[in-house]
Amino acid sequence: MTAQERARVAEVAEEVQADWASWDPLRFAEEAAAAAHGLPLRLRRFLSGVRASEADLAVVSGLPVDPALAPTPAGWDLAAKTGAGRREELVLLLVGSVLGEPFGWVNQQDGRLVHDVVPAPGMEESLTSASSAAQLTLHTEDVFHPFRCDYVSLFCLRNPDEVGTTFTRIDALDFPEDLREVLSESRFRFYPDDSHTGEILNAIDGEQVLGNRRSTVGPVVFGPAEHPYLRFDRDFMTADRDDEKTATAIQVTHDLLCGAAERIVLKPGDAVFIDNYRIVHGREPFHARYDGNDRWLKRLNLIRDVRRIYAGNGARRRIIT
């Protein structure tokens, strides 16, 4: 974005802040799409094109970040208590609303709409975004749920160690025909990750114990043959059928995904929009110092049709219960 465009985004954010004596992201989500009409036209055209073409990944660079940004909080709960990075979460809501409708989960970060992705003491080896020493393997966000997001959006506020976000596009994979046939069948069971259950299963614990979690069954590859969709999370999926073919398909697919992985390093002011049906994503490990300078992202889930969530909730609510 140009300096003029960046200034315009900041101006829209300041106008919104002036209108809200008490900031409530959940309430503002109802107005975000209308407020986004004030954003620069080139930005809106770009994101509308991303949505229409189903581009698998898009990056907007040069979004405004407060030069007097607060120190990186040592955990999302501290960020929630202090309101750290409030203007930046507003910017992400505005920009993200051009692509889709914001929503959240009642059991993630206390039902907050915009999440803080920061390392937390004691969570270094966990399989959640609060980890640091553990690598987050390539995965579909909320792989188990029929209302999982269409886009995962990540807005970088701080990343001095240049920690990479990893991803693999389904278009980069060349599945052998016999493997694709297996992946297209409902042979796979998908489970909620630790952020949904409150349990902490460390990456170093070895094989996960998932049997007591609710789950769904379905294929890994689905959708239009010429433009296929993908869902995969090796840490939170198993073979639903007790046969070697299905178990082998999981391992082979994991190897293919890792072999085609790409990497992007987000810098302050960068927002990446990841199509959760066309890409699996992860994060490199890093050393958290807890000195106020650690990596800090704002995260927002976006869905193309929020009425799917309303129907599932049985109420006009953006937080999935």
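## Largest pocket

In this predicted model, the lining of the largest pocket is made up of 14 nonpolar, 14 polar and twelve charged residues. The volume of this pocket is about 720 Å³. Its lining has 40 residues, and those closest to the pocket centre are Thr128, Ser129, Ala130, Ser195 and Arg299.

Rolling a probe the size of a water molecule over the atoms shows where empty space is left. One cavity of 30 Å³ or more is present in the structure, and the volume of the largest cavity is about 30 Å³.

The largest cavity is lined by Trp105, Val106, Asn107, His145, Arg214, Ile320 and Thr321. By class, this lining consists of three nonpolar residues, three polar residues and one charged residue.

## Nonpolar cores

The largest nonpolar core contains 42 residues, of which Leu183, Phe188 and Val220 touch the most other members. Another core lies apart from it and has 39 residues, including Ala13, Val95, Trp296 and Leu302.

Which residues are in contact with valine 220, leaving aside its neighbours within four places in sequence? They are Leu183, Phe188, Phe190, Tyr229, Leu230, Arg231, Phe232 and Met237. Two residues among these contacts, Leu183 and Phe188, are also named with Val220 as touching the most other members of the largest core.

Note on methods. Residues numbered from 1 in each chain as written. Predicted model: local features only at pLDDT ≥ 70, side-chain atom pairs only at ≥ 80, totals over all residues. Heavy atoms only, no water. 1 Å grid on protein atoms, 1.4 Å probe; cavity = no way out; pocket = protein on both sides within 12 Å on 5 of 7 lines; lining within 4 Å. Points joined across faces, edges and corners; volume = space filled by probe spheres on them. Nonpolar A, V, L, I, M, F, W, Y, C, P; charged D, E, K, R; others polar. Core = buried A, V, L, I, M, F, W, Y, C linked by side-chain atoms within 4.5 Å. Buried < 20%, exposed > 50% of the residue type's maximum accessible area, 1.4 Å probe, protein only. Contact = heavy atoms within 4.5 Å.
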